[in-house]
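Please inspect the sequence and the structure before reading each solution.

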Amino acid sequence: MPYVTSPAWVDPPLDPSSNYGERPLNLAAWPKPRQKLLSDPAIEAQIAQQMAGMSLAEKVAQIIQADIAAISPEEAKALKIGAILNGGNSAPHGRFDASAQEWLNLVDSFYEDDDPNAIPILFGTDAVHGHSNIAGATIFPHNINLGAARDSSLAHAIGVATAKEIAVTGMDWTFSPTVAVAKDLRWGRTYEAFSCDPDLVSRLGAAMILGLQGEPGTDGFLGMDKVGCAAKHFLGDGATQDGRDQGETKCSESELISHHAAPYIAAIEAGATAIMASFSSWGGQGMHGRHDMLTKLLKQHWGFDGLVAGDWNGHGQLPGATPGFAPQALIAGLDMYMAPDSWKALLASTSELVTSDPSLHARLDDAVLRMLRFKARLGLKKKGRPAARPLAGQFALLSCSEHLELARRAVRQSAVLLKHEDQILPLAGNQHILVCGRGADALDLSCGGWTLSWQGGGDFHGLFPGSQTLLEGVQARVKSAGGRISFDPAGQWHEKPDVAIVVLGEEPYAEFRGDCDTLAYRPGDPSDYALIDRLAAADIPVVTVLYSGRPLWMNPALNRSKAFIAAFLPGTQAGALADLLVASPTDARADFQGRLPFPWPAHSDHFDLCAPSPSRPPLFPLGFGLSLADRVAWQTMHEHSTARKHDPLTLFDRGVPQGDWTAELSDFSGSNALKKTGLLGGATSLARQVAIRPADYGQQENAWAIQWGGAGSLSFAGPPLNLSREVNADYALYLTAIAKNLAGLGVSLLPADASGLTDAKRIIALSSVAQHDQSFVIPLKRFAELGIEMSHVHRLVVLGQEMSDLMLVKAYFAPMVAGSA
């Protein structure tokens with residue numbers, strides 16, 4: 001494939017108008033970090049010796065990171081791949097509940113025994129709030145909680161504990177901490193950010209790095225109980241337009257300096273060994289391809305000599321690039337491609353390119369040097385085989401009592417009391433307390449995303465020994481005080497309680513899928529508000545606890561609650577909240593210490609909250625939080641929300657069924673429902689005729705890959721739709737999808753009372769469907785012409801036969817586009 005290259009040290013031609021007229025960067029305006037991590041002559045000599053014996057092909061392999069789901073240990077060792085990762089949904093044998101021993105065995109299998117001179121493979125993981133991919137690990141509160149706690153010593157201690165638990169499974173590197181300064185709460189990664197305050201983010205991010213890696217220049221730096229970090233995502237990912245993940249950061253260079261650069265300066269001063277490039281863009285150019293940012297600023301002006309790592313196939317999003325071919329990123333200054341499932345094509349294309357273009361050799365050598373320096377600093381050679389390291393296999397360290405108590409401390413310090421009337425807290429433990437709400441006994445809601453899987457969610461029962469839900473915490477406190485607990489998620493009771501604790505929460509989510517269009521809590525679903533209304537109408541005082549990855553507009557709940565606590569995402573020790581909620585005769589009175597890391601919205605469309613001068617004042621400002629002794633009169637707030645319910649005409653998008661739509665797989669053995677919050681390692685129909693797994697289509701896990709081993713179907717069911725008007729208005733069913741063996745694939749729409757497909761004449765073969773803009777476009781009139789009752793459409797069914805294969809990205813009803821069918 002032809003590509004016009006330029007030497008790595010030469011800036012490509014620039015168009016000043018494409019970057020707000022501020023290019024090239026005014027580097028003199030960017031403060032420089034004080035370097036603490038200095039060059040080690042012994043390491044540099046070792047690297048020079050290693051590089052002298054490497055071929056071009058080996059050098060290219062060294063700068064590629066592949067995912068465990070897409071490469072075998074034998075392939076990695078034979079090709080001398082530089083790094084391995086486990087993606088958010090990759091696990092041993094594809095099982096998210098795999099044991100720590102299975103994880104250690106997997107990591108160990110990539111170690112090269114036969115060649116004592118082999119360069120060790122680097123193993124990275126997303127340990128973003130504890131070692132969160134591992135069943136049985138300590139799942140700490142997310143960064144948003146640490147921002148609420150505002151305690152550097154706490155962040156440092158969590159870094160120390162996380163590093164130890166990672167070392168137990170033999171891994172070397174965590175892709176954390178996130179040091180984004182989040183500016184729009186609609187961003188699905190808000191909870192990964194400590195705050196919208198650059199100073200707070202800088203302080204906590206540096207503390208976390210020091211905990212993970214140790215203090216530069218000391219004997220403990222990157223020792224046997226430490227791991228490498230990756231400060232991310234460079235630069236400005238928290239300020240993308242409309243909070244859209246991987247979007248365009250709309251700000252001036254001066255704002256990049258004052259708001260978004262400070263945490264990276266602090267990270268470098270703390271000894272960060274790696275920095276990860278962002279998916280986002282600035283001035284219309286993706287960060288993975290910005291030579292001015294990665295090379296001129298980060299490496300040259302700031303003097304950062306560590307590894308500049310890519311994010312998940314981020315190199316493939318650059319103009320003219322693909323996941324399997326992206327020399328633009330290497331030229332710009334990227335040192336390691338994260339090519340989870342594209343590594344093979346990328347290895348081949350990059351090897352061919354550098355062989356034919358000697359002008360790239362110097363840039364390649366710099367990338368390899370930085371990868372080898374990173375490995376040497378981590379002490380991979382000295383640490384040796386993962387399973388033989390001092391902490392490897394010490395599984396008792398996972399969720400040990402010390403780490404669990406640290407997690408409980410973080411939960412208590414990060415809970416923010418927003419409302420407190422009648423001095424209702426702490427509750428007397430000798431009362432009859434009703435505990436209710438969707439989050440009261442749900443670990444997945446208290447943990448959020450990046451827990452066992454990328455998007456989180458699922459049944460965690462038995463997977464985290466020592467965990468405690470809020471219900472369990474309250475039960476323990478009340479039992480010791482002689483009171484009584486009733487529990488019913490829906491808030492029903494036989495005997496009227498003295499008080500109710502209502503635990504609400506968002507469904508778990510992570511990047512991209514967590515992006516939203518409103519700050520309203522569960523738009524279109526008033527059931528949680530109705531629960532609080534019913535309790536309050538019965539003169540039962542309500543204490544509301546909210547699990548969420550961001551501040552949310554919840555005025556109806558705030559108005560009707562005597563007390564309201566923002567607990568954010570407390571992890572597996574949510575029961576520690578009971579220490580604040582319920583008095584105990586044996587414990588000293590605990591008080592609320594948490595302060596808001598972000599302003600709290602007064603309106604559901606309050607999107608400029610974090611701007612220097614928001615258009616409307618927040619309900620609660622940055623840093624707000626009550627103590628039990630504070631007396632603040634509550635003024636009833638408006639309850640008008642601009643949020644609209646999900647468009648029921650979109651059935652599937654961003655890798656999940658939308659709104660009230662659900663999905664199921666069917667074959668001759670019957671049907672089984674798929675989990676709403678994600679597929680984790682995948683799913684199959686009852687007789688295994690249909691298999692489904694998350695897939696990537698331009699973005700990570702925004703699609704489903706469906707394979708048929710026999711006759712079966714994937715169907716989406718939702719509230720009955722009257723599409724009669726849409727039929728007359730020339731609407732169509734759009735399936736954004738890639739299909740193989742079209743002859744075996746068909747679709748149909750079913751009415752609400754249908755129990756199955758009995759009439760093959762009512763199935764439209766995809767082979768007969770027009771394709772437009774990568775979508776199959778089926779006019780609704782075609783279904784109506786087949787005699788399908790369009791006034792009560794309840795289900796979309798996608799049928800397949802043996803050898804059928806479909807990647808489904810989106811399914812929705814929309815007006816026909818001219819020429820689409």
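**Exercise 1.** At what angle do helix α6 and helix α7 pack, and how far apart are their axes?

*Solution.* The model is predicted, with local features needing pLDDT of at least 70 and side-chain atom pairs counting only at pLDDT 80 or more, while totals for chains, interfaces and linings use all residues. Residues are numbered from 1 along each chain as its sequence is written, and side-chain values use heavy atoms, without hydrogens and water. Helices here are DSSP runs of H or I with at least four residues, and strands are E runs of at least two. With axes fitted to C-alpha atoms over the stretch in contact, and angles running from 0 to 180 degrees between N-to-C directions, α6 (residues 152-168) and α7 (residues 198-213) pack at about 35°, their axes 7 Å apart. The contact (heavy atoms within 4.5 Å) involves residues including A155, G159 and A163 of α6 and L204, A207 and G211 of α7.

**Exercise 2.** Determine which residues of helix α16 are buried, and how they are arranged about its axis.

*Solution.* Taking buried as under 20% relative accessible area with a 1.4 Å probe and protein chains only, one finds L470, L471, G473, V474, R477 and V478 of α16 buried. Seen down the axis, these residues fall within an arc of 160° (taken from the directions from axis to C-beta atoms), so they line one face of α16. Their packing partners include β13 (432-436) and α19 (578-581). Just after α16, G482 has a positive phi of about 85°.

**Exercise 3.** State how many residues of helix α12 are buried.

*Solution.* Of the 18 residues of α12, 13 are buried, so this helix is largely enclosed by the rest of the structure.

Key. Buried < 20%, exposed > 50% of the residue type's maximum accessible area, 1.4 Å probe, protein only.
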